[in-house]
Amino acid sequence: MSIPATEGAPQEVRPRQAGYRGTKVRRQRVRAAWTFLAPMLFALALVAGWPLLRTFYFSFTDASLSDTTGALFIGFENYLVYDDGAWYGLLTDPVWWRSVWNTLFFSVVSVSLEVVFGIIVALLLNAEFKGRMLVRAAVLIPWAIPTIVSAKMWAWMLNDQFGIINHLLMALGIIDSPIPWTASATYSMWAVIMVDVWKTIPFVALLVLAALQMLPKDCYEAAEVDGIHPVKVFFRVTLPLITPALLVAVIFRLLDALRVFDVIYVLTSNSTSTMTMSIYARQQLVEFQDVGYGSAASTMLFLIIALATVIYLYLGRRQLGVDQ
Amino acid sequence: MNQYQLIKLAKRVGLYALIAVVMVYAIFPFYYAVITSLKPSSELFRVDFWLSSLDFTNYVQIFTQKSFVRAIVNSIVVSLSVVFIALLLGITASYALGRVRFRGRTTVMLVILGVSMFPQVAVLSGLFEVIRSLNLYNNPGGLILSYTIFTLPFTVWVLTTFMRQLPMELEEAAIMDGATPWVTITKVFLPLMWPAMATTGLLAFIAAWNEFLFALTFTLTDSQRTVPVAIALISGGSQHELPWGPIMAASVTVTVPLVVLVMIFQRRIVSGLTAGAVKG
């Protein structure tokens, strides 16, 4: 789960009244603040900070899953090493580069589709009609269903012999023979994207809907009086106004998509045609027990996501600066 | 009927048609899982769009399986403990971050934001070592510990946003009366924070209930697994003989509580998910 879209850096607390600063009460409050923060910071250090440092360290060792303490330091050998006339290591592994490509392809395509359909659903939910609350609740259902369960539900619907999707497509005469959705190299990536898009449209739609509901009514009234076409109004007025919220949704979805694991693992297991960076790293770590090499892959993934985060924070700051 | 009314009517019909499409798209996979789970295995491979039978064999089969019942219990224990810990640590931390001005506050907030962006797989090997050294491998305790990595940052962040919106006067009155910060939290803020805590608690519960990667990696035996892993590992004789009936029954069983929660707390969930998104 990611932090919900809160834009950029936190706001400043309102300034305190004069004369309050430096008093005994204030010192007591600051001390209490750190006391209250300590358990949370300790917990985060234990489950996030320290393990991350260990992962970095492991990526420079030959650690194996059964014995992580007696690992030898081997420098960059997990990443890249020249040995006996040939290059070895993560950066020369075609399967790794395939999984990098798969991750990027999956992220860009699924997030783009989610944004387009998310906006359409949000516009729909923003319209006035009877039973709006019911529809809004129904649209939330895919979001609440565990990823594993939605992957299994879709795997059943996409089943090559008995699946309802092949059945429908054949009944409509669109295809002649059943498509092996999850097994074929051509279709499996699209099957995965289809499931992910289905599951995450609600998240994007809700963020966009929240932005839509904050829009001022008067410019729409003005546009209507002037007889401007609704499509033009959408592209000229609505879209620019919801862009900040859209940007937040895109970044959060993108960061989520870059670390995708469960939906792909359940739908297509370790098949190379859909393998992502997370799946590659876990396979090396757990199934091949090669903690050193797997950690190198994890570190690469972390660096890619960290880069995306830094860009986001930078843009978020700038965005705030422009608004104020 | 004049032309204007006709256009208006057409627009109305178009709107409702589109809504119907979206509804079917959102609900159909779950609906199809429900009707599949209620079929006897002999009829499983015939495609039906409507409920054709009311056969509970699949449900009987999964509920008489000890490991599945055990997995449900594990999931409940893990999710509730995670929510409890996240709220306990979150409410105190959010008081510090939301109400007190001190040096390093922004840094702490940035650290929290950063942790929430961690790819889980990046801490997998390090966390594996921590869990094994604490003797929590293949134990729900290990999952409770590891789930704080994604529930805690989120909880702290949202609670801080809510905490900040509470009026200053309340706290000033408490300070005038000589209340310590701890008393201020428990007596003044806690009663006002219940709605926010319900929202974040609910979101943390759903996240913990659905988690897969850690649960798959940090548990080994059937008796220690959580439901998502149990469902993912249900298998038949071979890849092409998956027991779809029981898989769908299990899927429906773990999803129904979530769907009910979403229906009841729809507003809260939406406000939690979008907290701060449009306020800037």
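**View 1. Domains of chain B in the predicted model**. The domain assignment divides chain B into domain 1 (3-55) and domain 2 (65-273). Six residues from domain 1 of chain B and eight residues from domain 2 of chain B take part in the contact. The C-alpha centres of these two domains of chain B are 33 Å apart.

**View 2. Interface of domain 1 and domain 2 of chain B**. About 540 Å² is buried between the two domains of chain B, and carbon and sulfur atoms give 90% of this area. On the side of domain 1 of chain B that touches domain 2 of chain B there are four nonpolar, two polar and no charged residues.

**View 3. Two aromatic pairs of chain A**. Over all chains, the search of the whole structure finds 33 aromatic pairs. The ring centres of A:Tyr57 and A:Phe58 lie 6.2 Å apart with the planes at 50°, so this pair is tilted. A:Tyr57 is partly exposed, with a relative accessible area of 34%, whereas A:Phe58 is buried, at 0%. In the pair of A:Phe261 and A:Tyr265, the ring centres are 5.1 Å apart and the planes stand at 20°; this angle is under 30 degrees, so the pair counts as stacked. Both A:Phe261 and A:Tyr265 are buried.

**View 4. An aromatic cluster with residues from chains A and B**. A:Phe36 forms one aromatic cluster with B:Tyr95, B:Trp182 and B:Phe189.

How values were computed
Residues are numbered from 1 along each chain as its sequence is written. Chains are lettered from A and ligands numbered from 1 in the order in which they are written. This is a predicted model: local features need pLDDT of at least 70, side-chain atom pairs count only at pLDDT 80 or more; totals for chains, interfaces and linings use all residues. Side-chain values use heavy atoms; hydrogens and water are left out. Domain bounds come from an automatic or database domain assignment. Contact means heavy atoms within 4.5 Å. Buried area is the accessible area (1.4 Å probe) that two parts lose on being put together, summed over both. Ala, Val, Leu, Ile, Met, Phe, Trp, Tyr, Cys and Pro count as nonpolar, Asp, Glu, Lys and Arg as charged, and the others, Gly among them, as polar. Rings of Phe, Tyr and Trp (its six-membered ring) pair if their centres lie within 6.5 Å; planes under 30 degrees apart count as stacked, over 60 as edge-to-face and the rest as tilted. Buried means under 20% relative accessible area, exposed over 50%, partly exposed in between (1.4 Å probe, protein chains only).
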